[in-house]
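The sequence and the structure are shown first, and the description follows.

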Amino acid sequence: ASASLGMKPTSISAEALFEEHRAALHWEWVAGHGHPERRFDDAGLPLACITNKAERFTLDLLQRTGLDGFFPVVVCGDTVARKKPDPEPVLLALERLGALAGEAVHVGDFYSVDVVGARAAGIRPILLDEADLRLGRPILGGLLRRRRVLGGVDGVPHCVLDVLEES
């Protein structure tokens, strides 16, 4: 196909492309954000990482940021047939954690994927909105009234514990 478009085929393999992309991802834990995941660990609350990213990138990212030990369950976009906002990945994470939807809280940073997906699975959502993208979005009214929209990760443990106490 590339020859018919006037391009020369290259000998770059999928593995080489993966490594090039992986090396370009400079994810790191940002100073000043603390480590809220440690508070959950200390409280004995299990965490799951549910992402639409590929498992290969996710596991590498968790390892490089030192977060891999805090997530006994990792469900990725290529782990399931349907990605969030479909409830399938969230329900799989619950199953692997041995938890019920009513016992769980989902923290995510993308309304149309995380909040919608959590609600579809019967889980109470918290929206992490560090970029303050919620301004002028009336759809978030209910979350805002219940103080379930956060501007940073430092408030996540307190908010999660508050939500869990509501039940």
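## Overall composition

Of the 167 residues of the chain, 35% count as buried; here, buried denotes under 20% relative accessible area, exposed over 50%, and partly exposed the range in between, with a 1.4 Å probe and protein chains only. The model is predicted: local features need pLDDT of at least 70, side-chain atom pairs count only at pLDDT 80 or more, and totals for chains, interfaces and linings use all residues. Residues are numbered from 1 along each chain as its sequence is written, and side-chain values use heavy atoms, with hydrogens and water left out.

The chain contains 7 helices and 5 strands, where helices (H or I, at least four residues) and strands (E, at least two) are DSSP runs numbered from the N terminus. Their order along the sequence is α-α-β-α-β-α-β-α-β-α-β-α. The accessible surface of the chain is about 10,200 Å², and 56% of this belongs to carbon and sulfur atoms; the areas come from the Shrake-Rupley method with a 1.4 Å probe, and for residues only the protein chains shown count as cover. Among contacts (heavy atoms within 4.5 Å) between residues at least 6 apart in sequence, 51% join residues at least 24 apart.

## The nonpolar cores

A nonpolar core is a set of buried Ala, Val, Leu, Ile, Met, Phe, Trp, Tyr and Cys residues joined through side-chain atoms within 4.5 Å. The largest such core has 16 residues, and those with the most contacts inside it are L62, F71 and V74. Strand 4 (124–128) and helix 7 (156–166) each supply at least two residues of this core. Helix 7 gives the most, with 4 residues. A second, separate core has 12 residues, including V80, A93, L94 and I123.

L62 lies in helix 3 and is buried, with a relative accessible area of 8%. When neighbours within four places in sequence are left aside, L62 is in contact with C49, L67, D68, F71 and V74. L62 and V74 are 12 residues apart along the chain, and their C-alpha atoms are separated by 9.8 Å.

## Packing of helix 4

Helix 4 spans residues 88–97, and its buried residues are P89, V90, L92, A93 and L94. These buried residues pack against strand 1 (48–50), strand 2 (73–75) and helix 5 (111–120). Helix 4 is followed by G98, whose phi is positive, near 70 degrees.

## Salt bridges

Side chains of opposite charge can pair when their charged atoms come close. The structure holds 4 salt bridges, each defined as a side-chain nitrogen of Lys or Arg within 4 Å of a carboxyl oxygen of Asp or Glu. One of them joins D60 and R64, with the closest N and O atoms 2.9 Å apart. Because D60 and R64 are 4 residues apart in helix 3 (residues 55–65), about one helical turn separates them. D60 counts as buried at 15% relative accessibility, whereas R64 is partly exposed at 32%.

R82 takes part in a salt bridge with D86 (3.2 Å, N to O) and in another with E88 (3.6 Å, N to O). R82 is partly exposed at 46% relative accessibility, as are D86 at 22% and E88 at 23%. Salt bridges that share partners join R82, D86 and E88 into one network.

Strand 3 and strand 4 pair in the parallel sense over 4 bridges, pairing being assigned if DSSP finds at least two bridges between two strands. V105 has R124 of strand 4 as its bridge partner. From strand 3 the chain crosses through helix 5 to strand 4, and this β-α-β crossover is right-handed: with the strands pointing away from the viewer, the path from the first strand over the helix to the second runs clockwise.
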